[in-house]
Amino acid sequence: MGCGGSKQDVAAVQPIENNIKPVSEPPKPVSNGTTPNQEVKDEQEEEEEETGSDCLYISTDPGEETLEVDDSLEEYNHIKPSEEAQENHIKKATNVKFFEDWFPEYSQDTDADSESRPRTVNHIDIKVHGSEKQLTIADIDKRARETPQDKASSFKALRNYLLKDLEKQTDKDRLAVRAILVWLSIQEEGDFGSKAANKDSPEGFLSLLAKKQTMFSTFFTVLCREFGLTCVKIKGLSKAGDYQPGDAITKENSSDIWTAVYFENSWNIVHPYWVCRGLFGHRPAGWIKLEAGGKAIGKSEKGVAGVLRNAFKEYYIFPNPKEFIHTCYPTDSKWQLTKNPISLKRFEKMPYLLPTFFGMGLKLISDETCLLNTIKGECMIEMQAPLKNANQIGLWYELYLKEGTGKTDDEKRMLQKENIPKLVAMIRCGDLWQFKLSLPIEGTFKICCYGGPYKSTMARIAEFRVDCKERKKDCRILPFDPGRVGFGPGPAAASAGFFLPSHAGGLVPVNAKSTIEISFTVEKIVIERTTIRATLYTTNKDQTVLQENVSVRTSVETSTVYFDAEVPDEGEYALSINTVRQSQTTQTTQTSTAVSNGKSQQHAHVREETSNVCNYLLSTFAKSKEKLNQKLARSELQSSLESAPKHGEGLTKGIKNIENGIKKCLKQKIMSSDNQIVVAKSKLEHLRIKNEVRNAKLRRNLYVTMGTIHMIKNSSLSRICDKEIQELEEFKMELEQLQKFPQEPPSLHWAIGELANSHTLWDEINNTVKAFLTLLGEPPESLKTWNDMLNVLRPPADMPPMLSITARIKELETSGAPKEGVDLENVTKCLKTYSIDQVRNINVGAAVMYEWVLKNSGQKTDK
């Protein structure tokens with residue numbers, strides 16, 4: 001099935017009813033505008049063709065092996081696969097770039113170590129030692145793609161051409177593998193069909209490929225060995241071709257072959273066929289599409305073989321073994337290349353997660369299986385993104401019913417759009433997504449999940465089979481179609497300037513005949529120039545609007561917008577929040593009179609542009625049972641949120657109270673994705689920004705102020721911190737204009753404390769502190785590094801009083817002269833390195849120390 005994606009609201013490509021054909025480019029239209037062998041479609045059902053590189057499907061190599069090529073060689077016998085991948089600088093390919101100019105961002109506190117997160121060869125600088133020529137990945141790829149055809153006449157000619165200038169490169173083996181695969185991916189084996197088919201040359205192998213008498217993995221293995229690389233063939237099973245989630249995996253229907261290449265003390269997986277060929281537009285038969293893009297479809301899918309094309313899927317060059325095992329299972333478990341090998345039975349049940357799933361940094365939180373069973377007609381799929389990444393991506397889905405698995409009357413009813421309720425609620429809370437399925441009939445269902453950066457083309461990321469043996473009683477229609485925005489604040493809200501929601505989760509428990517208040521802190525311009533509207537929908541097919549039950553109010557002072565929704569009865573309701581902008585257009589018209597006079601008339605039209613910002617699913621059925629200790633922890637956290645000051649000295653204490661409240665909730669096993677904790681973390685980030693602004697003003701340091709401004713501007717909340725940014729910008733200008741101390745110089749002891757806790761080392765500070773400690777008689781060997789100087793500034797508690805910094809300062813000030821043996825020449829040298837103005841611009845405390853040294857050393861500086 002799919003290893004790539006689908007455009008939103010677009011199904012598979014135009015049907016091709018013949019067998020799979022390898023082609024290098026899309027079929028060319030004929031005179032009537034259709035492709036050869038294309039089915040005639042109803043205009044209303046016409047579907048676009050998927051052309052993006054992320055719209056590929058996993059297929060199996062159609063070749064039959066007729067050659068005797070050893071899977072491994074005797075000289076490899078001493079190289080054993082490690083049960084655990086050895087640590088080296090070679091990273092696997094999780095972070096292959098699936099979307100233009102976009103990579104997942106990871107939080108500092110994420111459980112994934114940034115150094116262990118995989119990366120691709122693109123991240124390696126290529127330098128050829130001893131040569132003036134500097135190669136890039138683009139150079140190697142371009143050369144491989146433009147290889148003259150005659151180079152395929154012999155392995156030696158091809159090797160010398162592809163590996164030119166790589167011999168002295170540190171990563172030559174890795175780059176050689178890439179060069180081979182880039183070259184192989186663009187080869188049209190059909191062009192070599194007339195050549196002699198043999199294994200004596202690359203063109204002979206290409207002829208064998210054209211005749212389906214060998215496989216890509218075999219050819220790649222031979223190429224590697226001819227190029228001096230250590231390569232083995234790995235036999236096993238894969239979830240490819242006509243595989244559907246939950247299918248049995250057998251040798252008869254799932255056999256596959258891939259390879260591993262050894263370099264830098266480890267074996268690295270390569271699946272040559274999946275790198276070089278992609279199946280576009282494949283669509284399995286026998287499914288009824290129920291929902292796509294949040295809309296009822298009710299269409300029986302026709303099977304489409306698809307079109308085989310050249311492709312270069314970098315993910316399958318050195319994929320992470322822990323991810324690769326989701327789709328490929330080696331017959332010999334040692335080639336799983338993981339510490340804890342799994343069984344074939346476990347492989348069958350593993351979730352069907354595709355490269356784009358890992359590429360976006362997603363994790364499956366719900367059951368790790370591709371086969372789900374409903375409980376009373378319901379089931380849940382949960383996915384989580386890195387916290388920093390969550391508000392940049394969107395997810396969506398398509399839902400299918402397997403033909404023949406339900407009762408005949410039920411299936412016929414599901415083919416009628418008017419009878420199809422919206423069965424899937426996509427709900428998000430911070431970095432967590434939930435796909436909540438409520439199924440009204442028994443049968444076998446399939447949900448295909450899609451994902452991608454906000455406002456980009458979505459790609460298929462995962463598929464699950466759902467067996468429903470007991471339908472949900474009184475299955476209710478979702479009261480509103482939220483579209484790709486889904487339920488819960490996400491990138492659409494942030495894009496519209498809505499931040500710090502009072503409810504981070506899309507599912508909000510409510511009580512009948514009561515009012516729920518939901519609020520956002522918004523960008524100032526939103527209140528000034530935007531009309532904000534809210535609509536409340538109730539559950540029925542007509543989506544009745546309860547406009548009188550919802551109201552909007554704003555606070556200009558706090559830049560907050562409030563939504564009050566009254567729930568009249570038991571049930572589920574949808575609150576839809578929208579922004580409305582008015583734009584004026586001018587239309588020119590001509591009347592018969594005007595035409596006769598040669599004049600025209602212009603009319604101004606006001607058009608409203610409505611954007612969906614956020615949706616909430618309000619439910620009187622969503623009530624969770626909690627233990628008393630969890631309720632108490634929640635109450636304490638809520639109290640700390642409500643009592644936290646927004647400015648002043650109490651900020652630090654308020655931040656600490658919220659942090660402790662979150663820790664207590666987590667200790668009581670309340671999930672980190674819980675609505676209250678997500679809300680608390682957002683408010684915590686906002687308070688920390690305010691506290692950093694306060695600290696910057698108190699320190700009155702130019703560089704601290706500049707760093708704080710930079711931090712706020714790069715924060716996810718920068719758009720609601722314009723007041724803080726403006727204040728600091730003005731404060732920065734004030735500091736820049738001051739050449740001397742901006743206030744009465746602080747004491748020397750304050751300066752020592754300031755520098756003893758400095759986390760950032762500047763040369764200006766380093767030289768000043770060195771001069772200071774040298775003047776106090778500290779020997780040069782104890783002042784070699786900044787850490788050495790910190791040890792002197794922060795002496796141990798058991799140091800004799802006469803040796804303390806304070807004692808030495810008093811002694812020097814009393815005597816009026818340095819101790820005998822003090823290197824005054826070195827003191828003067830340190831002071832001359834920078835002027836006091838330069839030092840003051842870096843740190844006020846260092847400037848105080850500078851002036852003290854200058855005064856008490858009896859020296860003069862030229863600066």
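## Briefing on side-chain contacts and burial

With a relative accessible area of 3%, Tyr273 is buried. The model discussed here is predicted. The chain has 863 residues, and buried residues make up 52% of them. Its secondary structure comprises 26 helices and 27 strands.

**Overall architecture**

- Among contacts between residues at least 6 apart in sequence, 73% join residues at least 24 apart.

**Aromatic pairs**

- The structure contains 19 aromatic pairs.
- One of these is formed by Phe216 and Tyr273, whose ring centres are 5.3 Å apart with planes at 70 degrees, so the arrangement is edge-to-face.
- Phe216 belongs to helix H5 (residues 216–226) and Tyr273 to helix H7 (residues 272–276), so the pair ties together parts that lie 57 residues apart in sequence.
- Phe216, with a relative accessible area of 4%, is buried, and Tyr273 is buried as well.
- A further edge-to-face pair joins Phe772 and Trp852, with ring centres 5.5 Å apart and planes at 70 degrees.
- In this pair, Phe772 is in helix H21 and Trp852 is in helix H26 (residues 844–857), so parts 80 residues apart in sequence are tied together.
- Phe772 is buried at a relative accessible area of 0%, and Trp852 is buried at 9%.
- Trp183, Phe205 and Phe219 are linked by ring pairs into a cluster.

**Charges over rings**

- Arg309 places its charged end over the ring of Phe280, 4.4 Å from the ring centre.
- Lys446 lies over the face of Tyr400, and its distance from the ring centre is 5.0 Å.

**Salt bridges**

- Across the whole structure, 28 salt bridges are found.
- Asp141 and Arg178 form one through their side chains, at an N to O distance of 2.8 Å.
- Asp141 is buried, with a relative accessible area of 8%, and Arg178 counts as buried at 6% relative accessibility.
- The side chain of Arg178 also meets that of Glu314 in a salt bridge, at 3.3 Å from N to O.
- Glu314 is in the loop between strand E9 (307–310) and helix H8 (321–324), whereas Arg178 is in helix H3, so this pair ties together parts 136 residues apart in sequence.
- Glu314 counts as buried, at 13% relative accessibility.
- Asp837 and Arg840 meet in a salt bridge with an N to O distance of 2.6 Å.
- Both of these residues lie in helix H25 (residues 836–842), where Asp837 and Arg840 are three residues apart, about one turn of the helix.
- Asp837 is partly exposed, with a relative accessible area of 30%, whereas Arg840 is buried at 7%.
- A network of salt bridges links Asp71, Lys233 and Lys235.

**Nonpolar surface patch**

- Tyr703, Met706 and Trp762 form a nonpolar patch on the surface, and together they have about 260 Å² of accessible area.
- Trp762 is found in the loop between helix H20 (748–756) and helix H21 (763–775).
- Trp762 has 32% relative accessibility and therefore counts as partly exposed.

Notes: Residues are numbered from 1 along each chain as its sequence is written. Side-chain values use heavy atoms; hydrogens and water are left out. Patches are made of residues with over 30% relative accessible area and no salt bridge: like charges are joined within 9 Å, nonpolar side chains (Val, Leu, Ile, Met, Phe, Trp, Tyr) within 5 Å. Accessible areas come from the Shrake-Rupley method with a 1.4 Å probe; for residues, only the protein chains shown count as cover. A salt bridge is a side-chain nitrogen of Lys or Arg within 4 Å of a carboxyl oxygen of Asp or Glu. Helices (H or I, at least four residues) and strands (E, at least two) are DSSP runs, numbered from the N terminus. Buried means under 20% relative accessible area, exposed over 50%, partly exposed in between (1.4 Å probe, protein chains only). Contact means heavy atoms within 4.5 Å. Rings of Phe, Tyr and Trp (its six-membered ring) pair if their centres lie within 6.5 Å; planes under 30 degrees apart count as stacked, over 60 as edge-to-face and the rest as tilted. A charge sits over a ring if NZ of Lys or CZ of Arg is within 6 Å of the ring centre and within 35 degrees of the ring normal.
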